[in-house]
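Please look over the strand pairings in this model. The points below go through them in turn.

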Amino acid sequence: MALTAMSCETLPDQEVETSAVYPIAGEWLTHVYTTTNGGTTLGPAVGATATNALGTLFAFRTYNTSDNVNNQAWLRLGTTQAVAILGKATVDVNALTISGTDIPNTAAGKAGKTFTVQEGKVMLGASKQPSGATADSIYVRYTSTFDNSTYIITGHRRTAWAEDEY
């Protein structure tokens, strides 16, 4: 007869580290819409077709700057598309807002161009995903001097569940 004794050591939970601009920082699965009525009304989605009304799925990334301050974040959408943006915006982590005027757009092919965020906000726990997970939502309305158009970005924080990648 064999006797085995085991013991379990209980370790404390690891501390979750976040950046200075969290909860604005994150990876968002978004769709980009053209606008009408001077940029206030949602138009068709970028890349929409008869069989895919939602259009192109874009990863929109918002993240900390190297300065590690709580009032500035990088915004990155797309790569070379007309809607692509890459620049530092002003954020308010308490109000969960994003803003900025004439932000230099450093996305590929956008040298000398700027974008302005007229309205940007993060809404905590605002969307229920197909997986059943609750996710944060994001809304950003911006104008680009690349094509003098106003776009609206809408989406949810990436959950990493396959059914939520729409």
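1. Two strands pair if DSSP finds at least two bridges between them. Helices (H or I, at least four residues) and strands (E, at least two) are DSSP runs, numbered from the N terminus. The model is predicted, with local features needing pLDDT of at least 70 and side-chain atom pairs counting only at pLDDT 80 or more, while totals for chains, interfaces and linings use all residues. Residues are numbered from 1 along each chain as its sequence is written, and side-chain values use heavy atoms, with hydrogens and water left out.

2. Strand E1 (residues 26-36) runs antiparallel to strand E3 (residues 58-64), and five bridges join them. Leu 29 has Ala 59 as its bridge partner in E3, and Gly 26 is set opposite Thr 62 of that strand.

3. E3 also pairs with strand E4 (residues 72-77), in the antiparallel sense and over five bridges. Here Arg 61 faces Arg 76 in E4.

4. E1 has an antiparallel pairing with strand E9 (residues 149-157), over seven bridges. In this pairing His 31 stands opposite Thr 154.

5. Strand E2 (residues 41-45) pairs with E1 through three bridges, again antiparallel; Ala 45 in E2 is opposite Tyr 33. Four residues lie between the strands of this hairpin, and Asn 37 takes a positive phi near 50°.

6. Why is E1 largely enclosed by the rest of the structure? Because eight of its 11 residues are buried, where buried means under 20% relative accessible area, exposed over 50%, and partly exposed in between (1.4 Å probe, protein chains only).
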